[in-house]
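Work through the exercises below with the coordinates open.

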Amino acid sequence: MPTKISSDVSRYDQKLELILRVSARIFAEKSYHSTSMRDISRATGVSLAGLYHYCKSKEELLFLIQDHCFGRVLERFEQRMKGIEDPLEKLRIFIDNHLSFFAANMAEMKVLSHEAESLAGDLHEHVSTRKRQYTRAARRILSGLQQASMNSARAPLRNGHPRKTKPVDLTVATYALFGMMNWIYNWYDPRGKLSVSQLVDNITRLFLSGFLSTAERVTVQRNPETAEEVNIWRSA
């Protein structure tokens, strides 16, 4: 009997996984509001009665897609972070975990980005709580990395006094990071010349170092006699 129950649960999960994946693809192509349950029934080969066995409404289906994605991303992230202390390694893991998951689930990424406000009430609040949890995790990593960098850096001297540099605002940094990562569904092709690991490496280096390395900073010739090294991250 236990084997029978386990087999039934496995089949249920596999069918639900299929429904969620196909529904995400259709929502990404047509938008949530332009898609009907009949569209999903035709695409999945599951009868309308069968669909309503797995979810009570189209809104609940959208909720399951979003909740399922965030659940998997968070679970993978928490597992990979166990025993990791180095702030830089934490950031690399966070970026790799996010990009490697969504590079394989581009339709889900588009649905999460475009249909964030299509849920209402408790369903919306549940997904929003997941998002806040995930965003706070990213912010904590960036805060730890920023603090470690400030503690270890030897500030260059100006007129014999340490040069004071203003740290990047953590809210700006957090949402800038998500902006870089979540935009990939518009342009990235996992089957193209850029592998997922190369994508992770490039975005990590771009976020941490900017487009130009220290050795490649632009020199602007203001007049024939003076030249100034321009730091593109300089604050006013």
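**Exercise 1. Place Phe63 in the fold and list its contacts beyond near neighbours in sequence.**

Solution. 
- Step 1: locate the residue. Phe63 sits in helix H4. The model is a predicted one.
- Step 2: check burial. The relative accessibility of Phe63 is 11%. The cut-off for buried is under 20%, so Phe63 counts as buried.
- Step 3: list the contacts. Leaving out residues up to four places away in sequence, Phe63 touches Leu119, Leu123, His126 and Val127.
- Step 4: compare sequence and space. Phe63 and His124 are 61 residues apart along the chain, yet their C-alpha atoms are separated by 7.8 Å.

**Exercise 2. Take Val127, a contact of Phe63, and repeat the analysis from its side.**

Solution. 
- Step 1: Val127 belongs to helix H7, which covers residues 121-152.
- Step 2: Val127 has 3% relative accessibility and is therefore classed as buried.
- Step 3: beyond four places in sequence, Val127 touches Phe63, Gln66, Phe70 and Leu119.
- Step 4: for Val127 and Leu64, the sequence gap is 63 residues and the C-alpha to C-alpha distance is 9.5 Å.

**Exercise 3. Decide whether Val73 is buried or exposed, and name its contacts.**

Solution. 
- Step 1: Val73 is in helix H4, residues 58-81.
- Step 2: its relative accessible area is 1%, so Val73 is buried.
- Step 3: not counting residues up to four places away, Val73 touches Asn97, Phe101, Phe102 and Tyr134.
- Step 4: Val73 and Ser100 lie 27 residues apart in sequence and 9.8 Å apart in space, C-alpha to C-alpha.

**Exercise 4. Find the volume and lining of the largest cavity.**

Solution. 
- Step 1: count. There is one cavity of 30 Å³ or more.
- Step 2: size. The largest cavity holds about 70 Å³ of space.
- Step 3: lining. Its lining residues are Glu17, Leu20, Arg21, Ile65, His68, Cys69, Arg72, Asn105 and Glu108.
- Step 4: sources. Helix H1 (2-30) and H4 each supply at least two lining residues. H4 gives the most, with four.
- Step 5: classes. The lining of the largest cavity has three nonpolar, two polar and four charged residues.

**Exercise 5. Characterise the second largest pocket by volume, lining and class.**

Solution. 
- Step 1: the second largest pocket contains about 310 Å³ of space.
- Step 2: 15 residues line the second largest pocket, and Phe70, Lys131, Thr135, Phe178 and Asn182 lie nearest its centre.
- Step 3: helices H5 (87-103), H6 (106-114), H7 (121-152) and H8 (170-182) each give two or more residues to this lining.
- Step 4: by class, the lining of the second largest pocket splits into eight nonpolar, five polar and two charged residues.
- Step 5: link back. Phe70, among the residues nearest the centre of the second largest pocket, is also touched by Val127.

**Exercise 6. Describe the backbone and setting of Ser31.**

Solution. 
- Step 1: Ser31 is not a glycine, but its phi is positive, at about 85°.
- Step 2: Ser31 falls in the loop between H1 and helix H2 (37-44).
- Step 3: Ser31 has 26% relative accessibility and so counts as partly exposed.

Conventions. Residues numbered from 1 in each chain as written. Predicted model: local features only at pLDDT ≥ 70, side-chain atom pairs only at ≥ 80, totals over all residues. Heavy atoms only, no water. 1 Å grid on protein atoms, 1.4 Å probe; cavity = no way out; pocket = protein on both sides within 12 Å on 5 of 7 lines; lining within 4 Å. Points joined across faces, edges and corners; volume = space filled by probe spheres on them. Nonpolar A, V, L, I, M, F, W, Y, C, P; charged D, E, K, R; others polar. Buried < 20%, exposed > 50% of the residue type's maximum accessible area, 1.4 Å probe, protein only. Contact = heavy atoms within 4.5 Å.
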